[in-house]
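I opened my notebook to keep a record of what I looked up, one topic at a time.

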Amino acid sequence: MTQKVAVLGTGKIGEALLSGMIRGGWAPADLLVTARRPERAEELRTRYGVTPVTNPEAAKTADTLILTVKPQDMGTLLTELAPHVPADRLVISGAAGIPTSFFEERLAEGTPVVRVMTNTPALVDEAMSVISAGTHATADHLAHAEEIFGAVGKTLRVPESQQDACTALSGSGPAYFFYLVEAMTDAGILLGLPRDKAHDLIVQSAIGAATMLRDSGEHPVKLRENVTSPAGTTINAIRELENHGVRAALIAALEAARDRSRALASGNKD
């Protein structure tokens, strides 16, 4: 790992990626960071031994630029970077909803761009990162992006046309689970359990269920049927979920998230 990599706009996700790369064997001397506030840059230097630089310095020095600023700030960042980014630099975007064409139009002709949608479990090395190639990105560029983001979880290659759907399912996905845990915790309290005990019961059940889904290879319907005995407690609960349209609500919610991602990609911020 001798290439220099710069993380630009190192917030929570950028820092999670940075720390994961170091745990994965990247040398801090090969990692550059930029941050809006000088004190934040110094904090990263102290914590990880990486080198803070300006955005133009990162563009001139690093072989790979990972842009982790908020989507609404990406245009301003590219305006600052464009005069300093040679066409052989790999540019990786972590901004939800922004297509690779947005970067290609603003950078030197032929600049390889890879689009990555990751999610907040990167903070605990359990991210799901979805990777798509821009017009000029090669298989080697995709493999390099997988190497980087594989440090904080799993990666999956998809055509860029599927990125909005992946954002709805996985990018926003953790929020749906947190929402369900919140609702189930409230239900536990209603049923007479203290909040902390309800929380522990639900979280461990979620971890166990996710592990079974990942490791068993069984279809979720089969795993659910294994818990659902005739005239038992589970089937009565599932009947109520169906009566209240929970399945349909989830489908509609994910469609709404997908549509919003498309709107953001088209420049509609309202």
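**Ground rules.** I noted first that this is a predicted model, in which local features need pLDDT of at least 70, side-chain atom pairs count only at pLDDT 80 or more, and totals for chains, interfaces and linings use all residues. Residues are numbered from 1 along each chain as its sequence is written, and side-chain values use heavy atoms, with hydrogens and water left out.

**The sheet.** I looked up the strand order and found that 8 strands form an open sheet, β3-β2-β1-β4-β5-β6-β7-β8, with mixed pairing. Because β3 and β8 (153–157) stand at the edges with a single partner strand each, one side of each is left without a neighbour in the sheet. I reminded myself that strands of a sheet pair through backbone hydrogen bonds, either parallel or antiparallel. Here two strands pair if DSSP finds at least two bridges between them, and the elements are DSSP runs numbered from the N terminus, with helices (H or I) of at least four residues and strands (E) of at least two.

**Around β2.** I then followed strand β2 (residues 31–34), which pairs with β1 (residues 5–8) in the parallel sense over 4 bridges, V5 having L31 as its bridge partner. On β3 (residues 51–52), which runs parallel to β2 and is joined to it by 2 bridges, P52 stands opposite V33. The chain goes from β2 through helix α2 (residues 38–48) to β3 in a right-handed β-α-β crossover; right-handed means that, with the strands pointing away from the viewer, the path from the first strand over the helix to the second runs clockwise.

L169 lies in helix α7 (residues 163–171) and is exposed, with a relative accessible area of 56%. Leaving out residues up to four places away in sequence, I found that L169 touches Y176 and L254, where contact means heavy atoms within 4.5 Å. L180, in helix α8 (residues 173–190), is partly exposed at 38% relative accessible area.

Note on methods: Buried means under 20% relative accessible area, exposed over 50%, partly exposed in between (1.4 Å probe, protein chains only).
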